[in-house]
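The sequence and the coordinates are shown below.

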Amino acid sequence: MLIQVGQARTIAVDLRLAIWLSLVAGAVNAAGFRALGYFSANMTGNVSMASDMLALGRFAGAFWLLMLLLAFVLGAFVSGLLIAAGERRNLRGIYAFSILLEAGLLVALALLDLIWTAQAGGQLMMVGLSMLMGLQNAATTKISDAKVRTSHVSGIATDLGLELAELSRGRATLDPARRDVLLARLVLHLATLFAFFGGGISGVWGYERIGPVVFVIIAALLVLIALPELRKAYRSGESGRG
């Protein structure tokens, strides 16, 4: 799911990608909110809250919320540069490397949060988590040709509504091929939504019991997702050279 690109990608591949990485995104987003009171992936909500704070003269709070937005954009920017560099060098495992990078940075943030004071560690953790969510969302968007967006719940809900509206026209007025496409997208978006929701529950449950260590467990899951994909990319590369 992290090495197939273009026509090699199927609905089943995108579905696996959506489920696993939406689960991670939901866990990170919810655990971060439980810890610090801000969402690391919800840029719509953060920008709305920042505008509210600015209007009320709460400039410090608005500044940190806008920092989360900038961090998310920076994460997407770094992901884009990393993927472009990998593609220039024909590295089939570049998307898996991107997920491994996310895992490594997530562990580093968790360790810093355990070591630093609550205020300094909290601010760094929130900015760092937003950057990682931008990195992950950019990677999944790029590899799936924008079919999978692991943290964009507003967009997913919009797509679900549009797909249901089109499907409600019935078999008589809807081309069978188009109906199959819509049903596949509906399953993909529902799976993404429920995985994000389930990840959120798991993230809060874990944070309540083990604190920032939950992020280390999430990072371990990312490693388990990425390493088999890297092995596949390596084996296929060796076969190609043979």
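A polar contact is a pair of N or O atoms within 3.5 Å; within protein, one atom must be able to donate a hydrogen and the other to accept it. The model discussed here is predicted.

The side chain of Asn137 reaches the backbone nitrogen of Thr150 at 3.0 Å, a distance that lies within the 3.5 Å limit. Asn137 is found in helix 5, and its relative accessible area of 10% makes it a buried residue. Leaving aside residues up to four places away in sequence, Asn137 touches Phe72, Arg149, Thr150 and Ser151.

Asn46 belongs to helix 2, which covers residues 43–55. Asn46 is buried, with a relative accessibility of 3%. With residues up to four places away in sequence left out, Asn46 touches Phe39, Leu65 and Leu68.

**Helix 3**

Among the residues named as partners of the two asparagines, Phe72 touches Asn137, while Leu65 and Leu68 touch Asn46. Phe72, Leu65 and Leu68 are among the buried residues of helix 3. The buried set of this helix also includes Gly61, Ala62, Ala71, Gly75, Ser79, Ile83 and Gly86.

How far apart are the end C-alpha atoms of helix 3? They are 43 Å apart, and this agrees with the 44 Å that the 30 residues of helix 3 (residues 59–88) should span at 1.5 Å a residue. Just after helix 3, Asn90 takes a positive phi of about 55°.

**Salt bridges**

The count comes to 3 salt bridges.

| Pair | N to O distance |
|---|---|
| Glu208 and Arg34 | 2.8 Å |
| Arg178 and Glu166 | 2.9 Å |
| Lys232 and Glu229 | 3.3 Å |

Glu208 forms a salt bridge with Arg34. Glu208 lies in helix 7 (residues 176–210) and Arg34 in helix 1 (residues 11–36), so this pair ties together parts that are 174 residues apart in sequence. Both partners fall in the partly exposed class: Glu208 has a relative accessible area of 46%, and Arg34 has one of 42%.

Arg178 forms a salt bridge with Glu166. That pair links Arg178 in helix 7 with Glu166 in helix 6 (residues 153–167), 12 residues apart. Arg178 is partly exposed, at 30% relative accessibility.

Are the two partners of the remaining pair buried or exposed? Lys232 is partly exposed, at 34% relative accessibility, whereas Glu229 is buried, at 5%. Lys232 and Glu229 are 3 residues apart in helix 8, so about one helical turn separates them. An α-helix has 3.6 residues a turn, so residues three or four places apart point the same way.

**A nonpolar surface patch**

Which residues form the nonpolar patch on the surface? The patch consists of Leu111, Leu114, Ile115, Trp116, Leu124, Ile210, Val213, Val216 and Ile217, which together have about 780 Å² of accessible area. Helix 4 (94–115) and helix 8 (213–241) are the elements that give two or more residues to this patch.

Leu124, one of the patch residues, is located in helix 5, spanning residues 118–143. Leu124 is partly exposed, with a relative accessible area of 31%. Patch membership requires over 30% relative accessible area, so a residue at this value can be included.

Terms used. Residues numbered from 1 in each chain as written. Predicted model: local features only at pLDDT ≥ 70, side-chain atom pairs only at ≥ 80, totals over all residues. Heavy atoms only, no water. Patch = residues over 30% accessible without salt bridge, like charges linked within 9 Å, V, L, I, M, F, W, Y side chains within 5 Å. Areas by Shrake-Rupley, 256 points an atom, 1.4 Å probe, with all protein chains shown as cover. Salt bridge = Lys/Arg side-chain N within 4 Å of Asp/Glu carboxyl O. Helix = DSSP H or I, 4+ residues; strand = E, 2+ residues; numbered from the N terminus. Buried < 20%, exposed > 50% of the residue type's maximum accessible area, 1.4 Å probe, protein only. Contact = heavy atoms within 4.5 Å. Expected span 1.5 Å × (residues − 1).
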